Amino acid sequence: RMDRGRVEHDNLQRSRQLGLPTVEPLGHGFATVDGARRSCVVTRTIAGSPLPLAAASTGELAAAGALLRTVHERGMAPNDLHPGNLLVGSDGSLHLLDLTSVHH
């Protein structure tokens with residue numbers, strides 16, 4: 001069975017090495033939740049909230065589009081990217097989350 005926590009940790013680390021604004025991975029491992037063993041990744045906290053797609057400003061949408069273009073230009077293709085995986089920092093900056101299914 002694939003260790004999704006390790007995959008996400010490694011994808012976040014590689015994305016940061018490519019200069020992409022992602023959360024900083026601190027570690028990965030396993031946790032037991034309701035008796036089931038689950039893989040997990042621990043990241044540094046960033047103050048912010050998910051991109052509010054329905055209420056996003058034109059500037060936020062343009063910034064998200066520019067970020068996605070940069071992601072693709074750097075050779076990455078996130079398969080399950082959605083607004084909840086884009087964190088808007090308290091300063092308005094965008095950060096990528098949940099890169100488990102990225103293809104390089």
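A contact here means heavy atoms within 4.5 Å. The exercises below concern a predicted model, in which local features need pLDDT of at least 70, side-chain atom pairs count only at pLDDT 80 or more, and totals for chains, interfaces and linings use all residues. Residues are numbered from 1 along each chain as its sequence is written, and side-chain values use heavy atoms, with hydrogens and water left out.

**Exercise 1. Place H9 in the fold.**

Task: State where H9 sits, whether H9 is buried or exposed, and which residues it touches.

Solution: 
- Start with the element: H9 lies in helix α1, residues 4–17. Helices (H or I, at least four residues) and strands (E, at least two) are DSSP runs, numbered from the N terminus.
- Next, check the cover. The relative accessible area of H9 is 16%. Buried means under 20%, exposed over 50%, and partly exposed in between (1.4 Å probe, protein chains only), so H9 counts as buried.
- Finally, list the neighbours. Leaving aside residues up to four places away in sequence, H9 touches P25, L26, G27, H28 and V41.

**Exercise 2. Trace the hairpin.**

Task: Find how many bridges join β1 to β2, and what lies in the turn.

Solution: 
- Take the ends of the strands: β1 covers residues 25–33 and β2 covers residues 36–43.
- Count the links. Eight bridges join these antiparallel strands; two strands pair if DSSP finds at least two bridges between them.
- Follow two of the partners: F30 is bridged to S39, and V33 is bridged to A36.
- Look at the turn. Two residues separate the strands of this hairpin, and D34 in the turn has a positive phi of about 50°.

**Exercise 3. Describe the whole protein.**

Task: Give the order of the elements, then judge how compact the protein is.

Solution: 
- Read along the sequence: the pattern is α-β-β-β-α-β-β-β-β, with two helices and seven strands.
- Compare sizes. The radius of gyration, taken over C-alpha atoms, is 14 Å, close to the 13 Å from the globule rule (2.2 Å times the number of residues to the power 0.38) for 104 residues, so the protein is as compact as a globular protein of that length.
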